[in-house]
Amino acid sequence: MTRAKIRKFFMYAFLIIVSFVSVFPLYWMVSAATNKSADVISGRLIPGTYFMENWKNLIAAQNIGRAFGNSFKYALILTFVSLVVSSLAGYGFEIFHDKAKDTLMSIILLAMMVPFVATMIPLFQMISKAGWLNTTIGFILPTISTPFLIMMFRQSARSFPHDIMEAARIDGLSEIRIFFQMFIPTMRSTYAAAMTITFMNAWNSYLWPKVIMTDATSQTMPMVVANLTEGYVTDYGMLMLAVLICTLPTAVVFFCLQKAFAEGITGAVK
Amino acid sequence: MSKPKKMTLSKKQNLMGWFFLLPGALLIFIMSFLPMFRALLLSFKSGVGANMKWCGISNYIRMFQDTVFVQSIKNTFLYLLIQVPIMLVFALILASILNNKDLKFKGLFRTMIFLPCATSLVAYAIIFRSLFANNGLVNLLFVKLGILDQPYAFLTNTTSARIVIVIALLWRWTGYNMVFYLSGLQNIEYSVYEAAKIDGASAVQSFFKITVPLLKPTILLTAIMSTNGTLQLFDESVNLTKGGPANTSITMSHYIYDMSFKYVPNFGYSAAMSFLILILVAILAFLQMKVGDKRD
């Protein structure tokens with residue numbers, strides 16, 4: 001074998017091992033969700049037929065449907081509002097930029113450095129004083145506008161052709177209509193990336209809902225799944241089914257928007 | 001409101017710009033800068049609920065005498081110093097392998113390595129907790145292979161509990177950083193690599209002489225993001241090891257949460273601890289940017 005071939009062999013071997021390690025825990029989760037807990041413990045790795053039993057046990061233990069609905073509602077509303085607000089801001093910062101706005105933008109970027117724990121307690125006090133504990137608005141308010149998304153949309157607005165905009169202005173299109181009818185359709189991949197990031201972050205968020213969702217009826221999916229690990233005996237089949245259900249929405253979003261996500265990131269990194 | 005009779009076009013545009021960015025900018029000030037300022041004020045107070053009193057810097061003195069908090073700082077930095085460099089180097093190597101034009105199944109490999117990012121933080125923490133449990137798959141495998149005589153309590157021994165957290169973090173985030181590097185590599189002309197190859201440069205040489213210098217801005221970005229994320233670790237500490245055994249794997253955010261919402265709420269003290277995290281994030285980001293600039 002030539003040196004090049006040996007190197008090639010090691011490269012593929014390395015990639016296959018890394019891929020296997022990446023995928024295996026997820027495969028194990030899926031297979032465990034369809035097996036009896038005792039079988040999972042004894043090391044059974046092939047999918048079984050215990051799925052329905054696990055499901056029955058799960059809905060008896062926790063109100064999964066309600067938690068799933070809550071998470072979905074919070075994440076969907078946050079994603080929608082956040083995309084509108086952040087893209088408006090990013091567009092405003094770039095298209096109408098002047099010295100004052102550029103300075104403001106660099107101040108806003110500093111907010112990226114503010115860790116969430118450092119604002120958590122005052123935010124909790126604000127939200128609870130406003131009576132928004134256990135509400136969607138309480139969930140979404142702190143993360144509607146994020147420096148990262150504003151930066152991303154500002155970056156993409158840079159590539160929005162100016163002459164088209166001028167032409168639209170001469171045709172008498174208002175600035176708002178230029179934004180909604182021309183900017184949004186052309187920046188689809190940026191929106192898709194922003195959507196993926198925002199939806200995933202919203203769905204996965206754990207600390208903030210744990211702080212403000214004090215009522216069982218407004219708990220989110222990750223909170224309910226975490227609740228299942230309390231107690232002495234773990235039913236692995238049931239637990240992994242819950243973990244699987246908690247993973248599905250982000251996995252679906254990820255697969256649908258994977259390409260756009262990578263493109264959008266490329267835009268942000270440039 | 002009296003408007004000037006004739007607004008010039010540029011003035012009108014200027015106002016329009018403010019109209020566009022105002023909601024987003026205001027929200028960041030109200031939801032990020034204002035609470036940060038209030039946390040600073042709060043950190044000089046003590047007491048519960050409405051009975052908060054000024055207490056000078058006693059919260060700050062207390063936190064360095066609080067053995068659990070000092071432990072949580074040490075743990076967080078341990079994760080930071082071990083996990084972040086390994087992860088970034090690993091992600092960089094994977095990205096430069098996957099950037100190879102002649103590679104087959106490139107898309108498939110990329111998708112599989114990025115797949116862990118599709119799981120929620122709580123979900124993967126629980127998966128790893130189950131895999132490393134006393135009756136989990138890892139123990140089963142090690143016993144069967146004869147590496148261990150009997151199951152080892154990975155999660156209730158200090159060193160192994162910390163290692164499990166590092167392994168879990170590597171699993172979850174390496175692919176994420178790899179995608180950033182792959183995106184950055186797209187901006188490097190592939191012909192540069194081909195030219196280097198013709199000139200006799202080895203793969204290792206072109207990695208250090210081409211990939212690393214040209215990706216520096218991206219590496220800096222990922223380093224800052226990972227540092228920021230690691231200093232705020234919460235979900236893994238809560239769900240994977242529950243901070244245990246005896247708080248030896250607890251992270252700063254986890255301890256702050258417990259102090260604020262689990263035990264008798266002590267917002268003043270928690271705010272002081274959270275402010276320390278803020279200062280640490282700022283210092284580390286500043287240092288990283290300095291280092292990033294210097295090598296130019």
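User: How many C-beta neighbours does N134(A) have inside 10 Å, and how does N134(A) count?

Analyst: Start with the rule: a residue is buried if 20 or more other C-beta atoms, placed from the backbone, lie within 10 Å of its own, exposed if 12 or fewer, and partly exposed in between. N134(A) has 19 C-beta neighbours inside 10 Å, so N134(A) counts as partly exposed. Keep in mind that this is a predicted model, where local features need pLDDT of at least 70, side-chain atom pairs count only at pLDDT 80 or more, and totals for chains, interfaces and linings use all residues. Residues are numbered from 1 along each chain as its sequence is written, while chains are lettered from A and ligands numbered from 1 in the order in which they are written.

User: Where does N134(A) lie? What is its phi near?

Analyst: Elements come from DSSP runs, numbered from the N terminus: helices are H or I with at least four residues, strands are E with at least two. N134(A) sits in the loop linking α6 (116-129) and α7 (136-140) of chain A. Its phi is near 65°, which is positive although the residue is not glycine.

User: And A246(B): is A246(B) buried or exposed?

Analyst: A246(B) has 11 C-beta neighbours inside 10 Å, so A246(B) counts as exposed. This residue also lies in a loop, between α11 (235-241) and α12 of chain B.

User: Which residues of α12(B) are buried?

Analyst: Apply the count residue by residue. Helix α12 (residues 252-262) of chain B is mostly covered, with eight of its eleven residues buried. They are M252(B), S253(B), H254(B), Y255(B), I256(B), Y257(B), M259(B) and S260(B).

User: What is T198(A) in contact with, beyond its neighbours within four places in sequence?

Analyst: Two residues are in contact if their C-beta atoms, placed from the backbone, lie within 7 Å. Beyond those sequence neighbours, T198(A) is in contact with L78(A), T79(A), S82(A) and L83(A). T198(A) belongs to helix α11 (residues 188-204) of chain A. With 24 other C-beta atoms within 10 Å, T198(A) is buried.

User: Why is chain B more spread out than a compact globule?

Analyst: Compare the radius of gyration, taken over C-alpha atoms, with the globule rule of 2.2 Å times the number of residues to the power 0.38. Chain B comes to 25 Å, well over the 19 Å that the rule gives for 296 residues, so chain B is more spread out than a compact globule. For chain A the value is 23 Å, whereas a compact globule of 270 residues would be near 18 Å. Of the residues of chain A, 47% count as buried; in chain B, 41% do.

User: Which residues do α5(A) and α1(B) bring together?

Analyst: Two packed helices are described by the angle between their axes and the distance between the axes. Axes are lines fitted to C-alpha atoms, for helices over the stretch in contact, and angles run from 0 to 180 degrees between N-to-C directions. Helix α5 (residues 99-110) of chain A and helix α1 (residues 9-42) of chain B have axes that come within 11 Å and cross at roughly 20°. That makes α5(A) roughly parallel to α1(B); angles under 35 degrees count as roughly parallel, over 145 as roughly antiparallel, 65 to 115 as roughly perpendicular and the rest as oblique. The residues that meet are K101(A), L104(A) and I108(A) from α5(A), and G17(B), L21(B), A25(B) and I28(B) from α1(B).

User: At what angle do α7(B) and α10(B) pack?

Analyst: Helix α7 (residues 158-186) of chain B packs against helix α10 (residues 216-231) of chain B at about 160°, with axes 9 Å apart. That makes α7(B) roughly antiparallel to α10(B). α7(B) contributes N177(B), F180(B), Y181(B) and G184(B) to the contact, and α10(B) contributes T218(B), L221(B) and T222(B).

User: How many residues of chain A are in contact with chain B?

Analyst: 66 residues of chain A are in contact with 70 residues of chain B. On the side of chain A, helix α14 (residues 236-269) gives the most, with twelve residues.
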